[in-house]
Amino acid sequence: MLATATIPKNAYDVALENFDLAADALGLEDGLRAMIKYPERILSVNIPVRMDNGKIARFEGFRVQHNTSRGPAKGGIRYHPNVTVDEVKALATWMTWKCAVVNIPFGGGKGGVTCNPKSMSLGELERMTRRYASSILPLIGPEKDIPAPDVYTTPQVMAWIMDTYSMNKGYPVHGVVTGKPISLGGSLGRNEATGRGVFYTTVSACEHLGIPIKGSRVVVQGFGNAGSVAAHLLDSASAVVIAASDSQVAIYNRHGLDIPKLIMHKERTGSLRGFPGAETITPEELFSLECEILIPAALENAITEENAHTIHARVVAEAANGPVTPEADRILHTKGVFLIPDILCNAGGVTVSYFEWVQDENHLFWDEQDVNSRLEKVMKRSFHDVLKIQLDKKVDMRLAANMLGVSRVAEASRIRGLYP
Ligand code: NAD
């Protein structure tokens, strides 16, 4: 597996550091600050699973609810070998501010299982998912905490969770998870929503900076759900995607990659490797390519103090959660790179998850155009809300987004009287 040569930073330390910067800038009082900074609940579960060879394997899983002052906890479930409780706490914390930035009535949650889904059969994955869902059952529910897909979890995984929850209740409960298959109450447009949101905020940033999308060079690290959809939409808008990577390989063509064909190649072979007409480059080279738009769409800590100075992009659009460390933030800011922070940039996923939950609860479904145009409105409005703070307070975009998210959560806590 390829990775940039950096010392991994604890994502939860990053989340706390960014919270403190926002709380300081807002002048938030100590009591309220302490109340909304830390997770409300952390559940750690032991997941025994009978593997195909007849043996029992044990996996560790987590569900964290960070804050529910604005509504039920909302956040994806990650299956990855590097999942730790600190990573899940960080991701849950970011979900709280993210839901507040796009102003949807959810709090922040996240889940994860430390496993390598790529080495497991479908049957093993199903048994692990159902056992994990049973273990976190006391926490989840349409009014309490609503999981969704994240890295290496799919609509099929959501379907198993919905089924496990429903079997325990004795009736179908569609609103317990989002990102479900359409035939099970999923929303049209949900699968593409994160990448589509990345596209809308990137277009807004380019408009603000006077960069034409047509002909802009785009580099995408992580060609999964979020990255490939963003690449596809930018390509359709006449940008030129010159490089892309996955966990195995990075590829480059200075005249542009054929994105529809690359998506088919990845679907067919499971990797970008061997794509005709592209040369292989290292992950370090990918980050240092001259381009207008760089989209980190894989995992945390992709851009650190070790490689931030090599970046030659005008816009960095954080499709992934936490891809840029605070040290790298400062370097990019000094270099004049315009950052679209994760809690704004990738909020399209949770926004359409909210639409899915609304449709499930009302048993009334919208067409795809309706979903996409509502999403566009939310993403563009949120971009301009954050930009206004950035310009008025003369802060960077990350701090502006965190200030908006934290202030909305603080206000909700005050009004509810959670904080006397
Ligand atoms: P995914 O599983 O569909 O894709 C992840 C991709 O990243 C894969 O192609 C994988 O090969 C690649 N990858 C992994 N390690 C890599 C590395 N070191 N270098 C390059 N590529 C690497 O996951 P996704 O849903 O697209 O999520 C990607 C990021 O977007 C995550 O940070 C996730 O939290 C965030 N995100 C996803 C959603 C969503 O709705 N899916 C919503 C918000 C944020």
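Residues 24 or more positions apart account for 69% of the contacts in the chain with a separation of 6 or more. Contact means heavy atoms within 4.5 Å. This is a predicted model: local features need pLDDT of at least 70, side-chain atom pairs need 80 or more, and totals for chains, interfaces and linings use all residues. Residues are numbered from 1 along each chain as its sequence is written, and side-chain values use heavy atoms, without hydrogens or water.

**Overall build**
- The chain holds 14 helices and 12 strands; these are DSSP runs, with helices (H or I) of at least four residues and strands (E) of at least two, numbered from the N terminus.
- The radius of gyration, taken over C-alpha atoms, is 20 Å, close to the 22 Å from the globule rule for 420 residues, so the chain is as compact as a globular protein of that length.
- That rule is 2.2 Å times the number of residues to the power 0.38.
- The C-alpha trace spans about 55 × 55 × 45 Å along its principal axes.

**Inside**
- Of the 420 residues, 59% are buried, meaning under 20% relative accessible area with a 1.4 Å probe, protein chains only.
- The largest nonpolar core has 86 residues; Ile36, Trp94, Leu262 and Ile295 touch the most other members.
- Such a core is a set of buried Ala, Val, Leu, Ile, Met, Phe, Trp, Tyr and Cys residues joined through side-chain atoms within 4.5 Å.
- Helix α14 (residues 397–416) gives the most to this core, with 9 residues.
- A second, separate core of 25 residues includes Met128, Tyr132, Ala133 and Val173.

- Leaving out residues up to four places away in sequence, Trp94 touches residues including Ala11, Glu300 and Asp342.

Terms used. Buried < 20%, exposed > 50% of the residue type's maximum accessible area, 1.4 Å probe, protein only.
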